[in-house]
Every structure is written in structure tokens, then in C-alpha cells.
Amino acid sequence: MKEIAIQVRNFSHYYGSHQSLKNLNFDVYRHEILGIIGPAKSGKSTFLACLNRLNDLLPGSRVEGQILVDGQDIYGPEVDVVALRRKIGMVFATPVPLPMSIYENVVYGVRLLGKNNRKELDQIVEDSLEKAGLWNEVKDRLQTSALKLSGGQQQRLCIARILALKPEYILLDEPTSGLDPISTMKIEDSLRMLKKDYTIILVTNNTKQAARVADRTAFFLMGELVEIDDTRVIFTRPSDKRTEGYLEGKFG
Amino acid sequence: MLLSPKTEQKIVQAFLYFFTSIAVLVLLFILVVILKNGLPQLSLEFLTKNPADMGREGGILSTIVATIFLTFIALLVATPLGVGTAIYLTEYTIESRLTRIIRFGAECLAGIPSIIFGLFGFILFVNKLKFGWSILSGGLTLAFMVLPTIIRTSEEAIKSVPQAYRLVSFSLGSTRWQAITRVVLPSAVPGIVTGIILSIGRSIGETAAVIFTAGSALRMPSSLFSSSRTMAVHFYILAKEGVSMPKAYGTAAVLVIAILIINIMTYYLMEKYIKRKS
Ligand SMILES: Nc1ncnc2c1ncn2[C@@H]1O[C@H](COP(=O)(O)OP(=O)(O)OP(=O)(O)O)[C@@H](O)[C@H]1O
Ligand SMILES: [Mg+2]
């Protein structure tokens, strides 16, 4: 029996009067990679933003229902949003290194916690970069600007930056959409390694990517969850016609 | 008559070239006149002696010191106020009637002639608050005069920091203030500094606002409450009252050279800063 990590219960999201997520109900298991696929504007990014409450920053954003992370309602009144965001790391579609050195990028979140011990930070940098599969490529130039890295390296740096915070969840929003096949493969390799220790939700507009790395896959369409199942099932015998249509490239 | 695109291009280019050269020539002309008449006046003594006999004799040391103090106070007050306002307007408010009113107020302030600031400073600082004609009154008046510049340039600089940096910072568990101090402001520094430099230039060169508030005493200022005369005011008085044209040119030369040095130094530092960042 798999352990449930996140429970989504009757969850809806609105931008003003526009409903972007419609009454979602599903679970995310611990230490799985859940792929989320769906055509443009189906609410995939919105769902991720709701999970670590980055949607709070958007004007007019409003939610209904519940998301329980480790049993706690993340929209409850006593939730510490800043701590939540540390626990649930987010990787965006375009890699955004902060305009500082590679080293400082990795420890950015850690320093926010007031940790400044050099030895400790050095160790965190090495561990995080190692896990993100970037250590060997950058270990000799940690003090150079992160902006000089290639796109694929920058995206792995963004992953390392999150790992440094020792999160439990990693959300990725089309992390390889701008990358070449080799960089994409490296990131997918890292994800497979990371799943031992983390619960991962991977939004992708590339259905083949979901097929390659996700344990289970959810199909979103216009703010609705059409179906969620083992990736193999979704790709071989989906139970909904719309899923089948999407995978055959009929829309999106 | 239709011109061929090529001819048209040539004519436009010629015109633009002409206007640009006029601008450059005017600048050169000013520089040459001032330096030609002023440089011969310059000596160590001119820079290190106080004026004597109303400025006919001696140097301009006390006016240099007064200029530095006044400018320093103006920037000390205007920078935190201006940058703070800019942060508030860009990061802590959503566009509303209030922000529009504040912005409109700042724009209006920017359009007010400096002599009106002088009058305002005279009424408020010199008389009401009883600071008298002093470095303090002058500095505060200049602060209000340059405030709109600092607000506007800082606002532009802060706005041009990519939104994604803020999102990333938040997603890594920062508070809004941490995002501002650790990512937004460091990226905005070049723009903010540009505003400060502009303000320094304006403060150093200002006469109208200063003459009403800092006075025109030639003594070496000894405290914040000393009345004192800045270089620009000194130049104005020497020239207008026909005290001594050579000394007036000497003062002007020092002013111009100081402003040049400040600009060059800032440019150099900014280059280095930007290089280190990227
Ligand atoms: N900041 C916003 N303000 C208002 N509406 C928004 C905002 N962001 C997204 N939306 C709307 O919410 C809906 C869901 O958008 P979302 O970005 O979550 O879709 P997506 O599945 O991630 O699409 P894509 O594949 O293009 O990234 C869309 O109709 C979109 O127009
Ligand atoms: Mg999206």
C-alpha cells in the first residue's frame, strides 16, 4: 500500500471570475513522480502555483476546497507560507539563475534561514550540485556568475538550489521545454535518482517525457482532471476518450 | 517630388549629423571658454586658501567645503527617502489612486523651479524651524529639490528588475523584504546610482535654492548651523557683482572639473560593478 503524501479535495481555483481549476480530487503518493500533461491553458501551472502558494502573489487569485500536504491543509489559517515554500520546491519553465555566483545561487535559500557557516555551506553546495548532476561540470568555477552557464546547466542549478533547502516535494513546470535533447536527458536522469528521496510533480507539454519518467500520469483539460492512473495505463489504454484524443495529437 | 530611399536616407543622416554636432560644439565651446579663462587661475593656493577681501584675493577652500557638506546632507536625506518611496510604490502597492497621487506629486515637485524651493526652504527651515541660513537648511532644501529625480530613477531601476527574480526568491522561502534587499536592490543599483549622480550634479551646480537657505558667508563653515557659500553661489556673486572675473572663472573651472571627475569615476565604478555581477 502506497503512502499518501498530498490529498487534493474538491479543489477549485479562480483568477477573478475565470475558473482555472475545477473541483479537483486526487492523491499524490510519496516518492513517486507524478506527471501532469494537458494542452495549453489547461491549468497545469496554476495547479503547481497553488501547491506552494505562489498564486498568493497574483492579483485576483482565489481558491476553494482543500489541499492537504502531509495531512495539513495548506490554506489553513495557521500555515507558515514561507516554510511551506521551503518544503515544496519549484522549478520554472525558463531557468532563472539569480544574478550572482553559482555558489551563492545554491545557498540563497539556506542563507535566508540565517545559516552562514562557511564549512556547512560548502558541504551543502557540493551535496546539492552532486544530486542535481552538475557538480563535476562546475566544481572548479563555483564563484563565477551563474548567468554564464548553459541553459541546461542553469536548469540543473535551479534544481540544486531547491535541494539545498532539503525539501520534501519538488514541483517542475515544463523544466526542459527550452532545452536540447542531451540536457533534457540529463535532467530526466536526475529526476529518476531524486525520486528515492523526494515526491516529484512534473508538468510537461511533452507527453513522451511523461511516458519516460512518470510513475503515474494525470491528464488535465480546461481546468478539469480528466483522469489519473499508472503511466503505462494512461498511455496504452486510457479510460477517457479525451485522453486518447490528446495523446493521438487531436488537440493541444 | 519623391526622393529615392537612398537619397532620403542621406539627407536625414546629414540633418541628424548637423544637430548632433551643434550639441557637441556648444558643449565644447562652454568647456573651452571656462577652462581657458579658469585654468590659469588654478593653483594649490587657490584650492587650499580661504577667500579674502570678498573673494578678490585668496582661494576658494571654504566654498569647496560648503559645497561638499551641502551636497552630502542633501543626498544623505534624499537617497533613503527617495529609494524608500520607490520601493514602496513598486513593491508594496498595487496601482491605485493613492500611488497615482504620490507619483503625480513627485512629478509636480520635479517641475518646480529651484528658486521656489529656495523660498520654501527659507520659510520652513530658515524661519519656521529656526535653522537660520545654514548648511542644514541648504542641505535639506536641496534634498527636497532632488527627491523627485531619485524617486523616478529608482522606480525605473526597480521596475526593470525581472519579475522572475522575485518569484524565484519567494519560491525559495524569502519574505518580501528579503527578496527586495537580496535580489531586487542589488540588481537595481546601477540605475539608482545614476539618479544619485544626477542629483549630486544638480546640488553642486545649484544657486537659487542655496542662496536663500545657506546664505553666502565666506567663512569656513564650522558646524551644521554655519551660514556658508557654495562654489556655485560664489561664482554667481563674483561674476554678478563684478568682484573679480578671474576668480569667478577659476571657481567655474573647479566646478566643471569636479563634475567631470564625479561622472568619470561613477562610470568606471559602474562598469566594474556590472562586470562583477554578470
Ligand atoms: N496571472 C493570471 N491571471 C489571469 N488568468 C491567468 C493567469 N495565469 C493563467 N491564467 C489563466 O488560467 C488558465 C490556466 O492557465 P495555466 O497557465 O495554469 O495553464 P497551463 O496548463 O500551465 O498552460 P501552458 O501549457 O500554456 O503553460 C488559463 O485560462 C489562463 O489564461
Ligand atoms: Mg504552464
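Leaving aside residues up to four places away in sequence, Asp27(A) touches Ile4(A), Ile6(A), Gln7(A), Val8(A), Arg9(A), Arg216(A) and Ile228(A), where contact means heavy atoms within 4.5 Å. The model is predicted, so that local features need pLDDT of at least 70 and side-chain atom pairs count only at pLDDT 80 or more, whereas totals for chains, interfaces and linings use all residues. Residues are numbered from 1 along each chain as its sequence is written, chains are lettered from A in the order in which they are written, and side-chain values use heavy atoms, with hydrogens and water left out.

Asp27(A) belongs to strand S2 (residues 18–29) of chain A; strands (E, at least two residues) and helices (H or I, at least four) are DSSP runs numbered from the N terminus. Asp27(A) counts as buried because its relative accessibility is 18%, the class being defined as under 20% relative accessible area with a 1.4 Å probe and protein chains only. Its side chain makes a polar contact with the side chain of Arg9(A) at 3.0 Å; such a contact is a pair of N or O atoms within 3.5 Å, one able to donate a hydrogen and the other to accept it within protein, and residues adjacent in sequence count only if both atoms are side-chain atoms.

Two interfaces can be set out together.

| Interface | Residues in contact | Buried area | Carbon and sulfur share |
|---|---|---|---|
| Domain 1 and domain 2 of chain B | 8 residues of domain 1, 9 residues of domain 2 | about 680 Å² | 82% |

Buried area is the accessible area (1.4 Å probe) that two parts lose on being put together, summed over both. Between chain A and chain B there are 0 salt bridges, meaning a side-chain nitrogen of Lys or Arg within 4 Å of a carboxyl oxygen of Asp or Glu, but 3 residue pairs are in polar contact, both at pLDDT 80 or more.

Within chain B, an automatic or database assignment gives domain 1 (9–41) and domain 2 (44–273), whose C-alpha centres lie 27 Å apart.

Technical notes. Buried < 20%, exposed > 50% of the residue type's maximum accessible area, 1.4 Å probe, protein only.
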